[in-house]
Amino acid sequence: MMDGIGLKAKNAVFVVSGTLIIAVAINVFFLSSNLVVGGFSGLGIIIESITADRFNGGIPISLTNIVLNFPLFILAYIFLGKSYLGKTIFATVFLSAALEITSFLPAYNGDLMLIAIYGGIIDGIGIGLVLRGMASTGGVELMASLIHRKFKHLSSSYIMFVVNFLIIAAGFFIFGAEKAMYAVISIFISSKVINILLEGFSFSKAAFIISEKSGGIAERIMKENSRGVTALQGRGMY
(Lines give C-alpha, C1' and ligand atoms only; values in the text may rest on other atoms or scores of the structure.)
Protein backbone atom coordinates (compact mmCIF):
# COMPACT_ATOMS: atom_id res chain seq x y z
CA MET A 1 0.00 0.00 0.00
CA MET A 2 2.79 2.41 0.91
CA ASP A 3 4.56 1.65 -2.35
CA GLY A 4 1.43 2.60 -4.30
CA ILE A 5 0.99 5.78 -2.29
CA GLY A 6 4.65 6.62 -2.71
CA LEU A 7 4.45 6.12 -6.48
CA LYS A 8 1.38 8.35 -6.71
CA ALA A 9 3.10 11.03 -4.64
CA LYS A 10 6.21 10.81 -6.82
CA ASN A 11 4.13 11.12 -10.00
CA ALA A 12 2.26 14.09 -8.52
CA VAL A 13 5.56 15.85 -7.78
CA PHE A 14 6.71 15.22 -11.36
CA VAL A 15 3.45 16.57 -12.79
CA VAL A 16 3.30 19.69 -10.60
CA SER A 17 6.97 20.61 -10.98
CA GLY A 18 6.94 19.84 -14.71
CA THR A 19 3.84 21.96 -15.28
CA LEU A 20 5.37 24.89 -13.43
CA ILE A 21 8.53 24.61 -15.54
CA ILE A 22 6.48 24.58 -18.77
CA ALA A 23 4.71 27.75 -17.60
CA VAL A 24 8.09 29.40 -16.93
CA ALA A 25 9.27 28.58 -20.45
CA ILE A 26 6.11 30.07 -21.95
CA ASN A 27 6.04 33.25 -19.86
CA VAL A 28 9.75 34.01 -19.84
CA PHE A 29 10.73 32.99 -23.37
CA PHE A 30 7.94 32.16 -25.82
CA LEU A 31 5.09 34.59 -25.07
CA SER A 32 6.89 37.93 -25.26
CA SER A 33 8.88 36.88 -28.34
CA ASN A 34 5.81 35.44 -30.14
CA LEU A 35 7.58 32.13 -30.68
CA VAL A 36 4.85 29.66 -31.65
CA VAL A 37 6.24 26.24 -30.75
CA GLY A 38 3.08 24.28 -31.47
CA GLY A 39 0.52 22.90 -29.04
CA PHE A 40 -2.36 24.77 -27.46
CA SER A 41 0.17 27.11 -25.84
CA GLY A 42 1.22 28.13 -29.35
CA LEU A 43 -2.39 28.74 -30.27
CA GLY A 44 -2.74 30.73 -27.08
CA ILE A 45 0.17 32.97 -28.06
CA ILE A 46 -1.47 33.61 -31.44
CA ILE A 47 -4.89 34.32 -29.91
CA GLU A 48 -3.46 36.63 -27.25
CA SER A 49 -1.57 38.57 -29.89
CA ILE A 50 -4.45 39.04 -32.35
CA THR A 51 -6.90 39.98 -29.55
CA ALA A 52 -4.56 42.44 -27.84
CA ASP A 53 -6.26 45.49 -29.41
CA ARG A 54 -9.84 44.35 -28.70
CA PHE A 55 -9.25 43.18 -25.14
CA ASN A 56 -7.03 44.61 -22.45
CA GLY A 57 -3.76 42.88 -23.29
CA GLY A 58 -5.52 40.12 -25.21
CA ILE A 59 -7.15 36.86 -24.14
CA PRO A 60 -4.62 35.19 -21.80
CA ILE A 61 -3.11 31.83 -22.64
CA SER A 62 -4.36 30.40 -19.34
CA LEU A 63 -7.97 30.99 -20.43
CA THR A 64 -7.39 29.75 -23.99
CA ASN A 65 -5.84 26.56 -22.63
CA ILE A 66 -8.93 25.72 -20.54
CA VAL A 67 -11.47 26.71 -23.21
CA LEU A 68 -9.79 24.68 -25.98
CA ASN A 69 -9.30 21.63 -23.75
CA PHE A 70 -12.81 21.55 -22.26
CA PRO A 71 -14.57 19.92 -25.25
CA LEU A 72 -11.68 17.45 -25.51
CA PHE A 73 -12.22 16.48 -21.87
CA ILE A 74 -15.86 15.66 -22.61
CA LEU A 75 -14.95 13.56 -25.65
CA ALA A 76 -12.13 11.83 -23.78
CA TYR A 77 -14.48 10.93 -20.93
CA ILE A 78 -16.92 9.38 -23.41
CA PHE A 79 -14.44 7.51 -25.59
CA LEU A 80 -11.33 6.98 -23.43
CA GLY A 81 -12.77 6.61 -19.94
CA LYS A 82 -12.28 8.51 -16.70
CA SER A 83 -9.20 6.53 -15.65
CA TYR A 84 -7.29 7.99 -18.61
CA LEU A 85 -8.60 11.48 -18.00
CA GLY A 86 -7.93 12.14 -14.31
CA LYS A 87 -4.29 13.19 -14.29
CA THR A 88 -4.62 14.88 -17.69
CA ILE A 89 -7.38 17.17 -16.40
CA PHE A 90 -5.30 17.95 -13.32
CA ALA A 91 -2.18 18.75 -15.36
CA THR A 92 -4.12 20.85 -17.88
CA VAL A 93 -5.97 22.89 -15.25
CA PHE A 94 -2.80 23.30 -13.21
CA LEU A 95 -0.95 24.52 -16.30
CA SER A 96 -3.44 27.36 -16.64
CA ALA A 97 -2.97 28.15 -12.96
CA ALA A 98 0.81 27.93 -13.32
CA LEU A 99 0.72 30.38 -16.23
CA GLU A 100 -0.92 32.90 -13.92
CA ILE A 101 1.33 32.06 -10.97
CA THR A 102 4.49 32.60 -13.02
CA SER A 103 3.23 35.62 -14.94
CA PHE A 104 5.19 37.94 -12.61
CA LEU A 105 8.49 36.62 -13.96
CA PRO A 106 10.37 39.05 -16.22
CA ALA A 107 10.26 38.12 -19.89
CA TYR A 108 13.50 37.73 -21.79
CA ASN A 109 13.41 39.79 -24.97
CA GLY A 110 16.96 39.34 -26.17
CA ASP A 111 18.48 37.25 -28.94
CA LEU A 112 15.96 34.92 -30.61
CA MET A 113 18.49 32.10 -30.83
CA LEU A 114 19.00 32.20 -27.05
CA ILE A 115 15.23 32.24 -26.61
CA ALA A 116 14.86 29.21 -28.89
CA ILE A 117 17.67 27.28 -27.16
CA TYR A 118 16.93 27.97 -23.51
CA GLY A 119 13.17 28.07 -23.99
CA GLY A 120 13.39 24.67 -25.70
CA ILE A 121 15.56 23.23 -22.92
CA ILE A 122 13.27 24.44 -20.13
CA ASP A 123 10.11 23.45 -22.00
CA GLY A 124 11.57 20.00 -22.69
CA ILE A 125 12.44 19.51 -19.03
CA GLY A 126 8.89 20.43 -18.02
CA ILE A 127 7.20 18.18 -20.58
CA GLY A 128 9.58 15.33 -19.75
CA LEU A 129 8.74 15.56 -16.05
CA VAL A 130 5.00 15.57 -16.76
CA LEU A 131 5.40 12.48 -18.94
CA ARG A 132 7.52 10.84 -16.22
CA GLY A 133 4.56 11.46 -13.95
CA MET A 134 2.41 9.39 -16.33
CA ALA A 135 0.29 12.36 -17.39
CA SER A 136 -0.01 14.94 -20.15
CA THR A 137 -1.16 18.54 -20.33
CA GLY A 138 -3.95 17.67 -22.78
CA GLY A 139 -4.04 19.79 -25.90
CA VAL A 140 -2.68 18.33 -29.11
CA GLU A 141 -1.71 15.03 -27.47
CA LEU A 142 -5.24 14.46 -26.20
CA MET A 143 -6.68 15.50 -29.56
CA ALA A 144 -4.39 13.01 -31.30
CA SER A 145 -5.54 10.19 -29.00
CA LEU A 146 -9.17 10.92 -29.83
CA ILE A 147 -8.59 11.14 -33.58
CA HIS A 148 -6.52 7.95 -33.53
CA ARG A 149 -9.38 6.13 -31.82
CA LYS A 150 -11.63 7.00 -34.75
CA PHE A 151 -9.05 6.59 -37.52
CA LYS A 152 -6.84 3.66 -36.52
CA HIS A 153 -4.70 3.91 -39.65
CA LEU A 154 -3.39 7.30 -38.47
CA SER A 155 -0.79 7.09 -35.71
CA SER A 156 -0.98 9.52 -32.78
CA SER A 157 2.53 10.81 -33.55
CA TYR A 158 1.53 11.56 -37.16
CA ILE A 159 -1.62 13.39 -36.05
CA MET A 160 0.37 15.43 -33.51
CA PHE A 161 2.89 16.31 -36.22
CA VAL A 162 0.17 17.52 -38.61
CA VAL A 163 -1.67 19.58 -35.98
CA ASN A 164 1.54 21.15 -34.64
CA PHE A 165 2.66 21.88 -38.20
CA LEU A 166 -0.60 23.76 -38.83
CA ILE A 167 -0.17 25.76 -35.61
CA ILE A 168 3.42 26.66 -36.50
CA ALA A 169 2.28 27.57 -40.02
CA ALA A 170 -0.28 29.94 -38.51
CA GLY A 171 2.55 31.51 -36.50
CA PHE A 172 4.54 31.81 -39.72
CA PHE A 173 1.80 33.87 -41.40
CA ILE A 174 1.15 36.04 -38.32
CA PHE A 175 4.64 36.62 -36.91
CA GLY A 176 6.87 36.00 -39.92
CA ALA A 177 9.24 33.38 -41.28
CA GLU A 178 12.16 34.19 -38.97
CA LYS A 179 10.29 33.44 -35.78
CA ALA A 180 8.77 30.32 -37.30
CA MET A 181 12.26 29.03 -38.08
CA TYR A 182 13.45 29.73 -34.55
CA ALA A 183 10.34 27.96 -33.26
CA VAL A 184 11.34 24.83 -35.19
CA ILE A 185 14.81 24.96 -33.58
CA SER A 186 13.21 25.25 -30.16
CA ILE A 187 10.91 22.27 -30.82
CA PHE A 188 13.88 20.17 -31.94
CA ILE A 189 15.82 21.00 -28.77
CA SER A 190 12.77 20.37 -26.60
CA SER A 191 12.21 16.93 -28.17
CA LYS A 192 15.83 15.95 -27.49
CA VAL A 193 15.60 17.02 -23.86
CA ILE A 194 12.35 15.06 -23.45
CA ASN A 195 14.03 11.93 -24.85
CA ILE A 196 16.95 12.33 -22.43
CA LEU A 197 14.61 12.65 -19.46
CA LEU A 198 12.55 9.64 -20.49
CA GLU A 199 15.31 7.35 -21.77
CA GLY A 200 18.54 8.74 -20.30
CA PHE A 201 21.84 9.23 -22.09
CA SER A 202 22.56 6.32 -24.38
CA PHE A 203 25.38 6.21 -26.87
CA SER A 204 25.52 2.46 -27.48
CA LYS A 205 24.84 1.17 -30.97
CA ALA A 206 24.40 -2.32 -32.38
CA ALA A 207 24.85 -3.52 -35.96
CA PHE A 208 23.53 -6.77 -37.45
CA ILE A 209 25.89 -8.10 -40.10
CA ILE A 210 24.60 -10.96 -42.28
CA SER A 211 27.34 -12.57 -44.35
CA GLU A 212 28.71 -15.92 -45.46
CA LYS A 213 32.10 -14.69 -44.20
CA SER A 214 30.89 -13.88 -40.70
CA GLY A 215 33.89 -15.55 -39.03
CA GLY A 216 36.44 -13.36 -40.75
CA ILE A 217 34.38 -10.21 -40.20
CA ALA A 218 33.97 -10.98 -36.50
CA GLU A 219 37.70 -11.60 -36.09
CA ARG A 220 38.65 -8.27 -37.66
CA ILE A 221 36.05 -6.36 -35.61
CA MET A 222 37.38 -7.87 -32.37
CA LYS A 223 41.05 -7.35 -33.21
CA GLU A 224 41.03 -4.04 -35.08
CA ASN A 225 38.12 -2.26 -33.36
CA SER A 226 38.26 -3.94 -29.94
CA ARG A 227 34.49 -4.47 -30.02
CA GLY A 228 32.45 -7.38 -28.75
CA VAL A 229 30.76 -9.68 -31.25
CA THR A 230 27.84 -12.06 -30.75
CA ALA A 231 27.12 -14.85 -33.24
CA LEU A 232 23.45 -15.60 -33.87
CA GLN A 233 21.97 -18.47 -35.82
CA GLY A 234 18.69 -17.84 -37.62
CA ARG A 235 16.24 -19.66 -39.81
CA GLY A 236 13.86 -17.98 -42.23
CA MET A 237 10.16 -18.60 -41.64
CA TYR A 238 7.80 -18.72 -44.59
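**Pockets and a buried threonine in a predicted model**

Q: What makes up the lining of the largest pocket: how many residues are nonpolar, polar and charged?
A: This is a predicted model. The lining of its largest pocket divides into 24 nonpolar, 15 polar and two charged residues. Ala, Val, Leu, Ile, Met, Phe, Trp, Tyr, Cys and Pro count as nonpolar.

Q: What volume does the largest pocket have, and which residues are the closest to its centre?
A: The volume is about 1200 Å³. The lining has 41 residues. Val 37, Ile 127, Met 160, Asn 164 and Ile 187 are the closest to the centre.

Q: Which helix supplies the largest share of that lining?
A: Helix α8 does, with nine residues. Each of α1 to α8 supplies at least two residues of the lining. Among them are α1 (2-33) and α8 (177-199).

Q: How much space lies in the second largest pocket, and which residues are the closest to its centre?
A: About 680 Å³ lies there. The pocket is lined by 18 residues. Ala 207, Phe 208, Ile 209, Val 229 and Thr 230 are the closest to the centre. The lining divides into eleven nonpolar, five polar and two charged residues.

Q: Why is Thr 88 called buried?
A: Thr 88 has a relative accessible area of 5%. Buried means under 20%. The value of 5% falls under that cut-off, so Thr 88 is buried.

Q: Where is Thr 88, and which residues does Thr 88 touch?
A: Thr 88 sits in helix α4. Leaving out residues up to four places away in sequence, Thr 88 touches Phe 73, Ser 136, Gly 138 and Leu 142.

Definitions and conventions:
Residues are numbered from 1 along each chain as its sequence is written. This is a predicted model: local features need pLDDT of at least 70, side-chain atom pairs count only at pLDDT 80 or more; totals for chains, interfaces and linings use all residues. Side-chain values use heavy atoms; hydrogens and water are left out. On a 1 Å grid over the protein atoms alone, a cavity is a set of points where a 1.4 Å probe fits but cannot get out, and a pocket is an open set with protein on both sides within 12 Å along at least five of seven lines; lining residues have an atom within 4 Å of a point. Grid points are joined across faces, edges and corners, and a volume is the space filled by probe spheres set on the points. Helices (H or I, at least four residues) and strands (E, at least two) are DSSP runs, numbered from the N terminus. Buried means under 20% relative accessible area, exposed over 50%, partly exposed in between (1.4 Å probe, protein chains only). Contact means heavy atoms within 4.5 Å.
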